[in-house]
Amino acid sequence: MYSKLLILHFSGKEVEKPVVSNLTRYYDLSFNIHKATILPRREGIMVLELSGSKKNFKSGVQYLKDQGVIVKNASQEVTRDEKKCIHCGACTAVCPTHALAIKRPEMFVIFDKKKCSVCELCIRTCLTRAMKIQPISETLFE
Amino acid sequence: MAKFKVNKTYKEINDKIRSGDVVVVTAEEMIDIVKDKGPVGAAKHVDVVTTATFAPMCSSGAFINIGQSVPTIKTSKVWFNNVPAYAGLAAVDCYLGATEPCEDDPLNKVWPGEFNYGGGHVIHDLLAGKKVHLKAKSYGTSCYPNKELEKDVKLADLRQATLCNPRNGYQNYNCAVNLTGKTIYTYMGTLKPKAGNANYSTSGQLSPLFNDPYYKTIGLGTRIFLGGGEGYVTWHGTQHNPSAERTEKGIPKTPAGTIWVMGDIKQMKPEWVVGVSILGYGNSLAVGMGVPIPILNEEMAQFTAVSDEDIPVQIVDYGNDYPNGINKNYGYVTYDELKGGMIRFKGKDTPTVPLSSVSKAREIAEILKKWIKQEKFTLGEPQFTLPVG
């Protein structure tokens, strides 16, 4: 099961096509629409989570692109600005998954991104604002 | 008969520093040296022990002289990047406090407030070489006719900038828990309900005043590492309380001694003077500080051998007791237990959370060691030491 949160941009023309339901009909994908808006100049923006096999997901996204839809990855990740982190440990109070933890006896604060659930609690708890939330920069299929 | 078997003077130690023969170790290294050699052997061998701390200290700020301009001005209101500084001083002097928030900050109106920018951040930005927007107002006098001033300044443009922390290096502090049913946001960090975490702030066995518990070597004129530059202890700090109850080894069991420190900001480095934002509480400044302790005799050797197991810390409830001024503690743990990551509290395992960077404190202790060994950083003999009570 492969799942990603996507942002779709439809130009004034594509907004009339039933592209999302076609993802289900042709590619066996399921979707959960988080947000859909049509803007004054008829262009549309949709945020949806798309799930299915990785192969189908890839084909589905290609289908969207062929229809003229601009597809962006909406998934976010938490990163740490290593220059700003002073290794105090305040963040470890709130991190629910122990992605932020103290390495003993060195007393360094380690950040294991694999354990991070992107809850964002560390962002405002960090004293030096070293933790940031940002869109995942990697391309969709890597 | 001499009181001690080993007797060294500041002058003897400073001569050794100048000749390069000085033996300097960190307070952590000293623990094993005293175990191996005993206090007398350690005192013979070691001349200086370096101690350090790097943690938020709210009682921080900077005296800044912005320099005169033409026409002249007697500033009565001053802002740096929209953070107000106190200007009720001579014409272009002001004091920028670390906890002063930016003027348009929503504070705690949106709970808990983020406090993303304040006085501490201005001091850091100046050190980082950034331009800071200076705004000043005045009512105008014959000698100082200008009523308004607005310009971008860098640290180099300021005539003087002196870090002045009325309180630093707190000798011991509380371990904070929250016994209420809701998360609270304090200067001791975020505290989860029902004692979900226990927060503490100290560098423990590396902390300056734990290594000289009766202030036998620390006082006015003690030369220190301050924010990456050279600074001085200039007084006992605010809330200095030497008469706190102590253990047999002299370690106070509650918050006790403090020091007042000053130093030239122009010598400092941005990585050791960092503006911080404490969620729901406010702005502050983390200041790196390192204090060299001269091993004048075996007694000082013994004091500097203090280890985390020797240091008790009281557990205080910040949910109900602290805000209501209830002086109560829920027992003691040691810094060794706190640093281990988990304490037993009310029959439950409670994760511990530090706010003081021990890894950075270790770095400072090493830098100070290097300064003394290689750069001839000599010891300042205090004119008088801190009050012992």
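This is a short tour of a two-chain model, stop by stop.

Before you click: the model is predicted, so local features need pLDDT of at least 70 and side-chain atom pairs count only at pLDDT 80 or more, while totals for chains, interfaces and linings use all residues. Residues are numbered from 1 along each chain as its sequence is written, chains are lettered from A in the order in which they are written, and side-chain values use heavy atoms, with hydrogens and water left out.

**Stop 1: the A/B interface.** Show both chains. Contact (heavy atoms within 4.5 Å) links 21 residues of chain A with 30 residues of chain B. The buried area, meaning the accessible area (1.4 Å probe) that two parts lose on being put together, summed over both, is about 1900 Å², with 58% of it on carbon and sulfur atoms. Now select I86(A), R124(A) and L127(A): in chain A they lose the most area to chain B, together 33% of what that side buries. Look for salt bridges (a side-chain nitrogen of Lys or Arg within 4 Å of a carboxyl oxygen of Asp or Glu) and the count is zero.

**Stop 2: the two domains of chain A.** Colour 2-74 as domain 1 and 78-134 as domain 2; these bounds come from an automatic or database domain assignment. Their C-alpha centres are 34 Å apart.

**Stop 3: the two domains of chain B.** Here domain 1 is 10-56 + 166-278 + 291-373, and domain 2 is 61-105 + 117-163. The C-alpha centres lie 33 Å apart, and 16 residues of domain 1 are in contact with 15 residues of domain 2. Together the two domains bury about 1200 Å², 68% of it from carbon and sulfur atoms. Pick out I265(B), K266(B) and P270(B), which supply 48% of the area that domain 1 buries against domain 2, more than any other three residues. Between these domains, too, there are zero salt bridges.

**Stop 4: helix α6 of chain B.** Select residues 358-374; helices here are DSSP runs (H or I, at least four residues), numbered from the N terminus. What caps the N-terminal end? S357(B) does, with a side-chain oxygen 3.2 Å from the backbone nitrogen of K360(B). Buried residues (under 20% relative accessible area, 1.4 Å probe, protein chains only) include V358(B), I364(B), L368(B) and W371(B). After the helix comes K376(B), with a positive phi near 55 degrees.

Terms used. Buried means under 20% relative accessible area, exposed over 50%, partly exposed in between (1.4 Å probe, protein chains only). Helices (H or I, at least four residues) and strands (E, at least two) are DSSP runs, numbered from the N terminus. A polar contact is a pair of N or O atoms within 3.5 Å; within protein, one must be able to donate a hydrogen and the other to accept it, and residues adjacent in sequence count only if both atoms are side-chain atoms.
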